[in-house]
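Subject: Structure for you to look at

Dear colleague,

I am passing on the structure we spoke about, and below it you will find my notes on how some of its parts meet. Please read them with the structure open beside you.

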Amino acid sequence: MTRRPGPGAVPRRTVLVTGASSGIGTAVAESLHADGRWRLLLSGRDGARLAAVAERTGGEAIRADLAAEGGCEHLAGEAVARAGRVDALVAGAGIGWAGPFVTMPPEEIGRVLTVNLTSTLRLVRLLLPPMVARGTGRLVLIGSMAGWVGVGDEAVYSASKGALLTFADSLRRELAGTRVRVSVVSPGAVDTPFFARRGAPYHRRRPRPVTAERVARGVREALVRGRENVLVPGWLALPARLHGAAPGLFGAVADRADPHHGG
């Protein structure tokens with residue numbers, strides 16, 4: 001059951017979390033529920049798992065397939081119909097595919113780009129105008145370290161996450177002077193079912209997987225403070241900077257850390 005603020009309490013802001021039925025999305029829902037300042041609208045494709053997360057966190061489940069025709073429009077419309085407004089979006093829905101690009105089925109290219117990138121842009125386009133009109137809002141996009149540096153055997157996934165970084169940077173420039181903040185939370189490997197679902201285990205020595213709960217703390221920090229870029233764990237900022245300043249050196253270091261590199 002959704003909790004209601006008592007007399008004199010500050011009204012809770014409404015946050016829509018996509019990909020909430022598992023992994024990082026579930027951890028975000030649990031973290032914001034514990035925070036107590038948010039009304040949770042939770043979206044995902046798995047109705048049973050989503051209902052369980054909503055029950056546990058006091059959120060409201062909105063089942064939606066963002067890759068389907070009209071999926072983003074359905075979700076945005078339902079969210080506004082239920083809550084009246086959406087103050088913040090945590091765009092956590094995402095999928096992966098691992099393997100050499102030359103072996104990637106063409107239909108999988110479209111699927112990864114649709115779920116990870118296109119659906120996020122469309123959902124932001126639907127929810128952003130009312131935020132701008134009200135003069136306040138938060139957009140938190142779940143990126144990846146793969147978007148900062150690129151990862152072998154994950155070319156399309158890396159491209160989708162790298163595009164989110166550029167999109168966010170461009171959008172910040174457009175929103176300068178407003179109180180709408182755009183953040184990207186970029187984790188390294190995360191200990192979730194993500195790798196099993198993409199059909200390939202995580203094999204690299206570095207970075208070691210972090211918990212979804214640790215990523216959720218980064219999301220909460222972005223929501224509260226409006227930080228533009230949050231890397232989880234924080235030390236990943238160093239290789240991100242090294243890649244930008246000296247890509248050749250970064251590549252040599254990254255290759256040594258990958259036991260599969262070079263066969």
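The crossing of H3 and H4 is right-handed. Please keep in mind throughout that this is a predicted model. Helix H3 covers residues 71-83 and helix H4 covers residues 106-134, and the two pack at an angle of about 35°, their axes lying 9 Å apart. On the H3 side the contact is made by Cys-72, Glu-73, Leu-75 and Ala-76, while H4 contributes Ser-119, Arg-122, Leu-123, Leu-126 and Leu-127. Sorted by class, the residues in this contact are six nonpolar, one polar and two charged.

A second pair is formed by helix H1 (residues 23-35) and helix H8 (residues 212-225), which pack at an angle of about 55° with their axes 8 Å apart. Because of that angle, H1 counts as oblique to H8. The crossing of H1 and H8 is right-handed. From H1, the residues Gly-23, Ile-24, Ala-27, Val-28, Ser-31, Leu-32 and Asp-35 meet Ala-212, Glu-213, Val-215, Ala-216, Val-219, Arg-220 and Leu-223 of H8. By class, this contact of H1 with H8 holds nine nonpolar, two polar and three charged residues.

In soluble globular proteins, nonpolar side chains tend to be buried together. Here the largest nonpolar core has 30 residues, and those with the most contacts inside it are Leu-16, Leu-89, Leu-128 and Leu-139. Two or more residues each are given to this core by H3, strand E4 (88-91), H4, strand E5 (137-142), helix H6 (155-174) and strand E6 (180-187), and the largest share, six residues, comes from H4. Leaving aside residues up to four places away in sequence, Leu-139 touches Leu-89, Val-124, Leu-128, Met-131, Leu-171, Arg-181, Val-182 and Ser-183. Apart from this core lies another, of 29 residues, which includes Ala-29, Ala-88, Val-210 and Val-230.

**A buried threonine**

Is Thr-14 buried or exposed? Thr-14 has a relative accessible area of 4%, and it therefore counts as buried. Again not counting residues up to four places away in sequence, Thr-14 touches Arg-39, Leu-41, Ala-83, Arg-85, Val-86, Asp-87 and Ala-88.

With best wishes

Methods: Residues are numbered from 1 along each chain as its sequence is written. This is a predicted model: local features need pLDDT of at least 70, side-chain atom pairs count only at pLDDT 80 or more; totals for chains, interfaces and linings use all residues. Side-chain values use heavy atoms; hydrogens and water are left out. Axes are lines fitted to C-alpha atoms, for helices over the stretch in contact, and angles run from 0 to 180 degrees between N-to-C directions. Helices (H or I, at least four residues) and strands (E, at least two) are DSSP runs, numbered from the N terminus. A crossing is left-handed if the near helix is turned anticlockwise from the far one by less than a right angle, and right-handed if clockwise. Contact means heavy atoms within 4.5 Å. Ala, Val, Leu, Ile, Met, Phe, Trp, Tyr, Cys and Pro count as nonpolar, Asp, Glu, Lys and Arg as charged, and the others, Gly among them, as polar. A nonpolar core is a set of buried Ala, Val, Leu, Ile, Met, Phe, Trp, Tyr and Cys residues joined through side-chain atoms within 4.5 Å. Buried means under 20% relative accessible area, exposed over 50%, partly exposed in between (1.4 Å probe, protein chains only). Angles under 35 degrees count as roughly parallel, over 145 as roughly antiparallel, 65 to 115 as roughly perpendicular and the rest as oblique.
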